[in-house]
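Keep the structure open beside you as you read.

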Amino acid sequence: MIRFGKLGYVALNVSDIERSTVFYRDVLGLAATGEGPAGARYFRCGPSHHAIALHPGVPGVKRIGFEMESIEQLERLRYALSSHGVVVTGVAAEECAASHIGHAVRFIEPATGATFEFYDQMREIAAPYQPTVAHIQRLGHVLLKTPHYDQSVRLFTELLNFQVSDVIDGLVHFMRCFPNPLHHSFGFASAPRAGLHHVNFMVTEIDDIGRAIWRFKHAGVSVVHGPGRHPPSGSVFLYFLDPDGLTLEYSFGMEEFPEIGARRPRVLEPVQESFDCWGAPRDPRKSQTGAIEQV
């Protein structure tokens with residue numbers, strides 16, 4: 001049984017690296033941790049070197065990284081993928097070192113073309129993360145849009161041991177990277193075209209969401225949904241757009257699952273009330289921008 005640690009990082013492509021650096025640092029509230037190859041910028045919200053990596057490019061997802069429970073689990077994942085005909089590529093030691101991770105492998109999810117990286121550990125920074133405009137607790141989750149919904153879900157659940165927490169019937173699968181307890185660290189949303197749905201950051205206080213509403217208004221940041229509450233996870237949410245129109249989310253609170261004896265996943269109706277029980281207005285720009293880099 002494959003065992004994960006957590007969603008480690010999301011690498012995003014942005015059109016203007018300097019503009020996005022200011023936004024992710026000063027408006028979102030991440031801490032900058034330096035630069036990488038080809039102009040990459042790194043940002044953290046905890047002890048790990050980075051939770052977000054920004055790269056120059058067409059706005060969207062470059063890569064999604066999951067941290068494994070151990071190097072033995074990394075090898076188990078490699079074997080599971082390879083034995084089912086999935087092409088797995090090892091990441092060169094030089095690239096791993098530049099990204100501040102140990103050993104790593106990658107594969108491309110067939111339906112979306114998204115690159116997933118799995119690694120055994122990431123370098124930690126001794127100085128504590130100091131919250132600024134928001135008390136960000138962690139990188140929470142990332143959702144992708146896929147035109148081949150069932151195929152994408154099966155790969156992660158049947159082959160990679162991602163556990164389904166809840167489903168909005170025919171529309172969204174919320175999955176946790178077992179045995180991580182968070183309701184979801186990853187998910188797929190059914191859509192005509194592949195792309196980024198959103199990237200989530202979990203905050204420590206509900207006041208972080210209230211303060212963000214007015215901070216975003218002052219900074220000209222578009223709020224595209226919320227505040228509201230998600231019935232599947234119980235989270236209070238606020239969705240907003242980065243400078244390229246990529247959808248980001250702050251959330252407060254989330255159901256957690258025990259490793260043994262977890263409840264069965266629920267199947268919710270495909271209606272708006274299954275997404276938000278507060279009835280918050282939804283801007284049509286939500287989750288509309290964000291290509292998936294094809295390699």
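In helix H2, the residues Gln73, Leu74, Leu77, Ala80 and Leu81 are buried (buried means under 20% relative accessible area, exposed over 50%, and partly exposed in between, with a 1.4 Å probe and protein chains only). Looking down the axis of H2, you will find its buried residues within an arc of 125°, so they line one face of the helix; the arc is taken from the directions from the helix axis to the C-beta atoms. On the other side of H2, Glu72 and Tyr79 are exposed.

A word on what you are looking at: this is a predicted model, in which local features need pLDDT of at least 70 and side-chain atom pairs count only at pLDDT 80 or more, while totals for chains, interfaces and linings use all residues. Residues are numbered from 1 along each chain as its sequence is written, and side-chain values use heavy atoms, with hydrogens and water left out.

Back to the helix. H2 covers residues 71–83, and its 13 residues reach 18 Å from first C-alpha to last, close to the 18 Å expected at 1.5 Å a residue (the expected span is 1.5 Å times one less than the number of residues). Helices (H or I, at least four residues) and strands (E, at least two) are DSSP runs, numbered from the N terminus. What do the buried residues of H2 pack against? Their partners are the strands S1 (4–14), S5 (60–68), S7 (104–108) and S8 (115–119), together with helix H4 (149–159); contact here means heavy atoms within 4.5 Å. After H2 comes Gly85, with a positive phi near 80°.

Now for the nonpolar interior. In soluble globular proteins, nonpolar side chains tend to be buried together. The largest nonpolar core here has 65 residues, and Phe118, Phe186 and Tyr250 have the most contacts inside it (such a core is a set of buried Ala, Val, Leu, Ile, Met, Phe, Trp, Tyr and Cys residues joined through side-chain atoms within 4.5 Å). Apart from it lies another core, of 10 residues, including Tyr9, Tyr42, Ile101 and Ala104.

Charged pairs come next. A search of the whole structure finds 17 salt bridges (a side-chain nitrogen of Lys or Arg within 4 Å of a carboxyl oxygen of Asp or Glu). One joins Arg3 and Glu259 at 2.7 Å, N to O. Arg3 lies in the segment before S1 and Glu259 in the loop between strands S16 (247–252) and S17 (266–268), so this pair ties together parts that are 256 residues apart in sequence.

Another salt bridge links Arg263 and Asp166 at 2.8 Å, N to O. Arg263 lies in the loop between S16 and S17 and Asp166 in strand S10 (residues 162–168), so the pair connects parts 97 residues apart in sequence.

Finally, salt bridges that share partners join Arg63, Glu95, Arg106 and Glu117 into one network. Glu117 sits in strand S8 and is buried, with a relative accessible area of 2%. Leaving aside neighbours within four places in sequence, the contacts of Glu117 include Tyr9, Arg63, Ile101, Ala104 and Arg106.
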